[in-house]
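Open the model in your viewer and keep the selection tool at hand. We will go stop by stop.

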Amino acid sequence: MMKKKSIPASKPFLILFLCQIISALDVPLDSKLLEELSQPPTITHQSPKDYIVDPRENIVIQCEAKGKPPPSFSWTRNGTHFDIDKDAQVTMKPNSGTLVINIMNGGKAEAYEGVYQCTARNERGAAISNNIVIRPSRSPLWTKEKLEPHHVREGDSLVLHCRPPVGLPPPIIFWMDNAFQRLPQSERVSQGLNGDLYFSNVQPEDTREDYICYARFNHTQTIQQKQPISVKVFSTKPVTERQPVLLTPTGSTSTKVELRGNVLLLECIAAGLPTPVIRWIKEGGELPSNRTFFENFKKTLKIIDVSEADSGNYKCIARNTLGSVHHVISVTVKAAPYWITAPRNLVLSPGEDGTLICRANGNPKPSISWLANGVPIAIAPEDPSRKVDGDTIIFSHVQERSSAVYQCNASNEYGYLLANAFVNVLAEPPRILTPANKLYQVIADSPALLDCAYFGSPKPEIEWFKGVKGSILRGNEYVFHDNGTLEIPVAQKDSTGTYTCVARNELGKIQNEVHLEIKDPTMIIKQPEYKVVQRYGQVSFECIIKHDSTLLPTVIWLKDNDELPDDERFLVGKDNLTIMNVTDKDDGTYTCIVNTTLDSVSASAVLTVVAAPPTPAIIYARPNPPFDLELTGQLERSIELSWIPGDENNSPITHFVIEYEDGLHEPGVWHYQTEVPGTQTTVQLKLSPYVNYSFRVVAVNKIGRSQPSEPSEQYLTKSASPDENPANVQGIGSEPDNLVITWESLKGFQSNGPGLQYKVSWRQKDVDDEWTSVIVANVSKYIVSGTPTFVPYEIKVQALNDLGYAPEPSEVIGHSGEDLPMVAPGNVQVHVINSTLAKVHWDPVPLKTVRGHLQGYKVYYWKVQSLSRRSRRHVEKKILTFRGNKTFGMLPGLEPYSSYKLNVRVVNGKGEGPASPDKVFKTPEGVPSSPSYLKITNPTLDSLTLEWGSPTHPNGVLTSYILKFQPINNTHELGPLVEIRIPANESSLILKNLNYSTRYKFYFNAQTSVGSGSQITEEAVTIMDEAMASRQVDIATQGWFIGLMCAVALLILILLIVCFIRRNKGGKYPVKEKEDAHADPEIQPMKEDDGTFGEYSDAEDHKPLKKGSRTPSDRTVKKEDSDDSLVDYGEGVNGQFNEDGSFIGQYSGKKEKEPAEGNESSEAPSPVNAMNSFV
């Protein structure tokens, strides 16, 4: 009977995933296939729902789609058709639906405000985009107002109101003085969330006339300034202390509504003297430890990624030595719609059935509506194969005319979600995508996998034949995979030949031939052996091999698992390795590795080097130190030094080293001056001014250096102006408004005289400014304040002393201080390459917004949820850094079948810019790991009981387990192989009808829809029959033994009766108690209040499957390794920096449940921009 090994698929594969499916079968894609198959439109890219545009630039509304035939595009504006041909300012990009509205040549952005929607249509259906709300950004001026000075008594509270103009988007508020310096803030003085400046109590130092509120509109890169506010503090003695009073919020209670997934900000600012301290608590619960942050000196409570569980009463308590006051904020967390199950594209054959499912959640519960080709399904053309049942569309007995694109809209008062999903009905004859006459070469006794990648609709049946006129292949010696692959688990010499694959369905039949050759295995018939050799001797290792005559072997020798030393003493022959003149370094393990194109074998041996018999040796030593040093020919800049060498000690002197000491500047410190050959005993030395010299000489031979000679007499040179200027001059700002000029100070002997100073000069580059100079003492740093942010400066530093200046210095270019980048990278896109690797793209930020040296981009990514386990756990955010102006990178080490989030930030020398919006992506399924264990118990005459544990890493949804077993005879030969498929929800099996007293070998593995995982093996033996037992042991025939057994049986019967009576009386049985006490920690109950899963914590990180691994015995078809270059991978940095540059440690976030990702699905917008309904 033909045996099939399933790689399950509940429905025929959709065309969009055909490329992935074929690559998983390890077969190249036939590019003509997709060109010939019809496909409804799919929206691939669109502008965000709430699109705020710069009114000074052209408006680009994106809409990209694909399909076969290529789709045409149309637009609506405010619900009616938008005829772009009648508006000269509007054009549509070729082969695209993207609109370009020309604002820079006369158009006005305000005229194009509205709600836009794109439709992509071909003969198979129509897909639609989100409603795209276009609004131009606004940065209005501050209204003119007359501000009276504030006269405040010392110790009283004060609020300076900002009241910025209403802009789109809202501005960022900050307070500065006339010198553009930020006003210092503290527990006493701080800025509120509304932009006002709060004083818990005023002090005399608060008196000033330049409290200025600024509003920064980032979208238009403009800053608006309020008129300066004057504050005058007058003192009264004594200053009266006051107990706390809340400045904001007012009253004892207030309410706050926030949306799920947003950041919750609660604020309490109090007046009082002494300054009150703020404390936050949650009534009836605790603040979430890993999502709670305190800002603005604990006056602001910040909880990120809020959920319904964060609803409740939050109390802030302000306290000082005189008392306390509190305020309770009642927080309600609502939720815009989010996906539970987004509809997925469906490809069917004529006559088949299928379903589209659209499930979403929110607070309040969203309503679900369906559209067909962009038209409400209630008024769409009728389709007898279609039935709508709430959030599900059921298709029965579909025909080709049933092809269409369906839209699911989930809406509530806080927003909506829209997803397109097509139904494509295809009738296609079979196609075989494996190249014809492909040759497979396999080593004997190894598995052989013959590919037959195919496509057809309905799904074709696959049959294999051997030879031109052979019969259909059947039997246990073959495994037939659902992807068409034929597996020969143990290929033998007689397996060589031509194999024919036939694919047929009701529309046709096609066949393809492949060829299989079986090769002899490579063997080392004489292996290297353990050797002991004397130092300076010779040793040889043999490695004689036997191999298939058609394969070309290569032999490699390794030492301690590394390459052989690059030394001519190592001679590699055809069958041996010889080492000449052996030294102690040659001690170690030597390995012979033989490789062919199909297999590899190796063998190792240890070499031990021992000492040779001792021989008398000449004693060599370092030379004795030189002596009788003499100075002659003294001049201002030179002098002659001579000496007498010491004894060489049987090793000739190779050279002399001359050193000097500066007794004036660095007494006791000796510096290198020069060196001369060992035959020379006199040298002319160059001198520097204003140095008190002493010299000494060191002799050097092959053994080492001598002791230094005695110092020469001292010689003081005359002073002079400096000969050189400081080196390594740099200009780097430490703050956005300064320039720090640094240099390496001259050494003492470089000063050439007393009174060393430096003239520091600077001017802004490319600006016609005069040099600004200052003379500083003998230091190495000068700070220029009040500079613009990150502009280039020309800098020079000149040395001078009491006798004059050094030569004119060269100029260097420096930059004033950097500030944090202003914008986040845009257009972040993720392309999932395989189950453990993804590629992320982004648009570079404009260089003018970097405000510093562009160092690169950081990608933060973290696992949100494993799709195979409905659980949550704490995970660390991973960070990859991509140096320079790169716009893409690879994300390695992902876990299969998981949901991830990422964002991208630009980095300069100051730190990181704002993060891009989180991007959600999912990794596909992979093959599972091996089952966690396999136990075989309860052997009988003809049965065995098998128990197993599920894989530690399922990497997808388990579809089944595969059990193979075969008998082993007394000569260890394997019998016929039997295969059994077991449902994925089973954990035990009783095998019956086995032979008695027989050893069996079992092979066991799990499967997902991608393929089979690695297997585990186990052996077990059935027990002997009674006849054999009676021949071996005759004790059972003895009378006393029979009587004893009868007594035991009677006792057991009495115990069973007692247990039966006690059981009928009720009560917990022990197994149940153990189950209650040891519940599975990974199975968490549903929360009764919101229906969500409880939090899940996993102490062990799930590691990705090892790339490229293939276990010959696992009998599965593995996905081919990714060929993406690791050069694209970033540099991992598990940390982040605060705005002031300080390291704040490793960052991790709580894993939250995310909606399943669907085709063209849209995230819910913020409550400000939410639209109540799509249609």
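Select C162 and C213. A disulfide joins C162 to C213, with the sulfurs 1.9 Å apart. The link of C162 and C213 is left-handed, with -70° about the S-S bond. C162 sits in the loop between β14 and β15 (172-176), and C213 sits in strand β18 (residues 208-217), so the bond ties together parts 51 residues apart in sequence. Now show the surface. C162 is buried, at 0% relative accessibility. C213 is buried too, with a relative accessible area of 0%.

This is a predicted model. Zoom out for a moment. The protein has five helices and 89 strands. Of its 1175 residues, 45% are buried. Among contacts with a separation of 6 or more, 68% are between residues 24 or more positions apart.

**More disulfides**

How many disulfides does a search of the whole structure find? It finds six. Counting bonded cysteines along the chain, they follow the pattern 1-2, 3-4, 5-6, 7-8, 9-10, 11-12.

Select C63 and C118. Their sulfurs are 2.1 Å apart in a disulfide. The torsion about the S-S bond of C63 and C118 is about -70°, so this disulfide is left-handed. C63 is in strand β5 (residues 63-68) and C118 in strand β10, 55 residues apart. C63 is buried, with a relative accessible area of 0%. C118 is buried, with a relative accessible area of 0%.

Next, pick C358 and C408. This disulfide has an S to S distance of 1.7 Å. The link of C358 and C408 is left-handed, with -65° about the S-S bond. C358 lies in the loop between β31 (354-357) and β32 (359-363), while C408 lies in strand β37, so the pair ties together parts 50 residues apart in sequence. Both C358 and C408 are buried.

**Salt bridges**

Now turn to charges. Side chains of opposite charge can pair when their charged atoms come close. The count here comes to 37 salt bridges.

Select R124 and E400. They form a salt bridge, with the closest N and O atoms 3.6 Å apart. R124 is in the loop between β10 (114-122) and β11 (125-128), and E400 is in the loop between β36 (392-395) and β37 (404-412), 276 residues apart. R124 is buried, with a relative accessible area of 12%. E400 is partly exposed, at 43%.

Move to R242 and D156. The closest N and O atoms of this salt bridge are 2.6 Å apart. R242 is in strand β21 (residues 242-248), and D156 is in the loop between β13 (150-153) and β14 (158-160), 86 residues apart. Which of the two is buried, and which is partly exposed? R242 counts as partly exposed at 25% relative accessibility, whereas D156 counts as buried at 18%.

E659 lies in strand β60 (residues 655-662) and R705 in the loop between β63 (692-700) and β64 (715-716), so parts 46 residues apart in sequence are tied together. E659 is buried, with a relative accessible area of 12%. R705 is partly exposed, at 42%.

**Last stop: a surface patch**

Select L1050, L1051, L1053, I1054, I1057, V1058, F1060 and I1061. Together they form a nonpolar patch on the surface, with about 780 Å² of accessible area. Click I1061, which lies in helix α4 (residues 1039-1064). I1061 is partly exposed, with a relative accessible area of 46%.

Technical notes. Residues are numbered from 1 along each chain as its sequence is written. This is a predicted model: local features need pLDDT of at least 70, side-chain atom pairs count only at pLDDT 80 or more; totals for chains, interfaces and linings use all residues. Side-chain values use heavy atoms; hydrogens and water are left out. Helices (H or I, at least four residues) and strands (E, at least two) are DSSP runs, numbered from the N terminus. Buried means under 20% relative accessible area, exposed over 50%, partly exposed in between (1.4 Å probe, protein chains only). Contact means heavy atoms within 4.5 Å. A salt bridge is a side-chain nitrogen of Lys or Arg within 4 Å of a carboxyl oxygen of Asp or Glu. Patches are made of residues with over 30% relative accessible area and no salt bridge: like charges are joined within 9 Å, nonpolar side chains (Val, Leu, Ile, Met, Phe, Trp, Tyr) within 5 Å. Accessible areas come from the Shrake-Rupley method with a 1.4 Å probe; for residues, only the protein chains shown count as cover. A disulfide is a pair of cysteine sulfur atoms within 2.5 Å.
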